[in-house]
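Good morning, colleagues. May I ask you to look at the model on the screen while I go through a few of its features.

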Amino acid sequence: MAARSSAPEKRPGFFSQLRTLYTFTQQAFPWLPWLLAGVVLLAIAAGIGVGFLLPPVAVWSVILWGVTGLMLGILGALMIMTRLSTRAMYRKIDGMPGAAGHVLSTSLGRRWQASDMPVGVNPKTQEAVYRAVGRGGVVIVGEGARGRLTRLVNDERSKAQRVAAGVPVTVLYVGHGEGEVPIAKLASTIKALPKKIDRATMAAVIKRIESVSQSLSSMPIPKGIDPTKVRAPRPR
């Protein structure tokens, strides 16, 4: 039996990540190559134009401005591709069980604390409830059929109100129906909530809620989404 290698696993390099990001995004947006090429060419043309407009006009000046336009075009193309990759990721996970947990745990930033694990789940139907705590208070997110989420949502809302009296509790449902929030707008909707508590109160609320939360380690978690596979890879 061969001995296991003690060398750490090699992480993919910058260009490997960039190629993966491009392939992932192009699957959702086939016109991506034309858009990126257009951005780069437009930036080069703009740079050359500036080189001809600014005196003294010289070959070296035009070339330098053209190179500057090229670099800015590449930077702009990378920024556009990153934004499109995020849209592609949301499009891919929309409607998948566990999508809300993935967004809450990766897209809210440091001012919010959330987990990709649900705090309440229906093992038969895979409806799940997630929770985030931040400066805007407590947010309860329901994922699944809204009618079947009523009991789970009410349980979590009562728990939050019991241990964090006076802290606002917001309930959101992920979906495309009336009064529901699309998965692509879930993070921005939560981050747009007005600040109601300070950091000390937020830390206290998190501690209190976690102390009364029931462990879900023995409950089946909704399957159907692997965050490590659907997350749009970003270049370092």
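Arg87 is found in helix α3; helices here are DSSP runs of H or I with at least four residues, strands are runs of E with at least two, and both are numbered from the N terminus. Please note that this is a predicted model, in which local features need pLDDT of at least 70 and side-chain atom pairs count only at pLDDT 80 or more, while totals for chains, interfaces and linings use all residues. Residues are numbered from 1 along each chain as its sequence is written, and side-chain values use heavy atoms, with hydrogens and water left out.

Let me turn to the packing of α3. Helix α1, residues 14-28, packs with α3 at an angle of about 55°, and their axes are 9 Å apart. Axes are lines fitted to C-alpha atoms, for helices over the stretch in contact, and angles run from 0 to 180 degrees between N-to-C directions. The angle makes α1 oblique to α3; under 35 degrees counts as roughly parallel, over 145 as roughly antiparallel, 65 to 115 as roughly perpendicular and the rest as oblique. The crossing of α1 and α3 is left-handed, that is, the near helix is turned anticlockwise from the far one by less than a right angle, whereas clockwise would be right-handed.

Helix α2, residues 32-53, and helix α3, residues 59-93, pack at about 150° with axes 7 Å apart. Therefore α2 is roughly antiparallel to α3. Their contact has 18 nonpolar, seven polar and no charged residues; Ala, Val, Leu, Ile, Met, Phe, Trp, Tyr, Cys and Pro count as nonpolar, Asp, Glu, Lys and Arg as charged, and the others, Gly among them, as polar. α2 passes α3 in a right-handed crossing.

Pro56 is found in the loop between α2 and α3. What kind of peptide bond joins Pro55 and Pro56? The bond is cis, with omega at about -5°.

Two further loops deserve mention. Gln126, in the loop between β2 (120-121) and β3 (128-134), has a positive phi of about 70° although it is not a glycine. Gln126 is partly exposed, with a relative accessible area of 35%. Gly109 lies in the loop between α4 (99-107) and β1 (112-114), and is exposed at a relative accessible area of 51%. The C-alpha atoms of Gly109 and Ala187 are 9.3 Å from each other, for residues 78 apart along the chain.

Finally, the overall picture. The protein has eight helices and five strands, in the order α-α-α-α-β-β-β-β-α-β-α-α-α from the N terminus on. Of its 236 residues, 36% are buried. Thank you for your attention.

How values were computed
Buried means under 20% relative accessible area, exposed over 50%, partly exposed in between (1.4 Å probe, protein chains only).
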